[in-house]
Amino acid sequence: MFSSKKITTAALTAFLLSATLYATEVPQTVIDTGDKVSKELLKKLGSNLKHELKTKGLIAAANFCTQKAYTLTQEVNLHQLEGVSVKRISLKARNPENIASADEIKVLESMQKLLDEKKLPAYIVEKQAESYKYYKPLVIKKEVCLKCHGNISSNQELSEYMSKTYPEDKATGYKMNDLRGAVVVEIKQ
Ligand code: HEC
């Protein structure tokens with residue numbers, strides 16, 4: 001029998017995609033891989049950020065994200081099985097590398113709607129022609145995130161750093177419990 005979590009995922013996937021694309025239930029291996037790889041990335045980025053903040057302060061930590069977040073993501077990618085990759089995306093990206101693609105925008109918009117309705121699941125799986133995309137929503141649950149993604153104009157040094165480094169920065173003005181974006185694990189079949 002299906003667990004209620006699986007039914008939620010299946011219903012969501014059906015809602016997100018046309019029936020032709022969604023023919024079978026999402027394999028458990030896809031869910032397990034998405035879960036494992038997204039957690040690995042978040043742990044790696046989170047522990048490094050925490051360490052930088054504690055030992056070097058806010059500006060150095062921001063610079064660390066600029067210099068290292070993408071490289072660390074690539075490092076996590078390097079030791080995955082062939083056909084498995086991970087990245088972060090947002091509707092309001094800071095780093096242009098993290099701008100969501102057209103299909104990803106649709107999923108992020110659905111997530112926003114589900115969050116507004118207090119129905120956001122732990123993950124959403126999207127079936128594509130030759131791959132699955134596992135999306136883990138990133139909701140702001142820690143005050144520390146707001147130091148660099150909240151109202152940063154009160155910190156002149158930080159806002160100058162951000163506008164200089166990211167002229168197109170859209171990742172400010174967030175509040176607690178806002179949807180910041182998602183981790184996407186792509187699993188090729
Ligand atoms: C010290 C400043 C700082 C803090 C604190 C911080 N971030 Fe960021 N964040 C950045 C910078 C700089 C980038 C862009 C570089 C990158 O990561 O690719 C970024 C990028 C991101 C991205 C990728 C999407 C995008 O906009 O490019 C997500 C998702 C994100 N941050 C979530 C969080 C969350 C959740 C927290 C709290 C746990 C957090 N951040 C705390 C500075 C920070």
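Which element gives the most to the lining of the largest pocket? Helix α2 does, with nine residues. This is a predicted model, in which local features need pLDDT of at least 70, side-chain atom pairs count only at pLDDT 80 or more, and totals for chains, interfaces and linings use all residues. Residues are numbered from 1 along each chain as its sequence is written, and side-chain values use heavy atoms, with hydrogens and water left out.

**Iron site**
- His149 (NE2), at 2.1 Å, is the only protein donor of the ligand's iron atom (donors are N, O and S atoms within 2.8 Å of the metal, or 3.2 Å for Na, K and Ca; water is not among the atoms, so sites may look incomplete).
- His149 belongs to helix α5, residues 143–149 (helices are DSSP runs of H or I with at least four residues, strands runs of E with at least two, numbered from the N terminus).

**Sheet**
- Four strands form an open sheet in the order β1-β4-β3-β2, with antiparallel pairing (two strands pair if DSSP finds at least two bridges between them).
- At the edges are β1 (84–89) and β2 (124–127), each pairing on one side only.
- Between β2 and β3 (residues 131–139) the antiparallel pairing runs over four bridges, and Ile124 stands opposite Tyr135 in β3.

**Largest pocket**
- Its volume is about 1200 Å³ (the space filled by probe spheres set on grid points, which are joined across faces, edges and corners).
- A pocket is an open set of points on a 1 Å grid over the protein atoms alone, where a 1.4 Å probe fits, with protein on both sides within 12 Å along at least five of seven lines; lining residues have an atom within 4 Å of a point.
- Of the 40 lining residues, Leu45, Leu49, Arg88, Cys145 and His149 are the closest to the centre.
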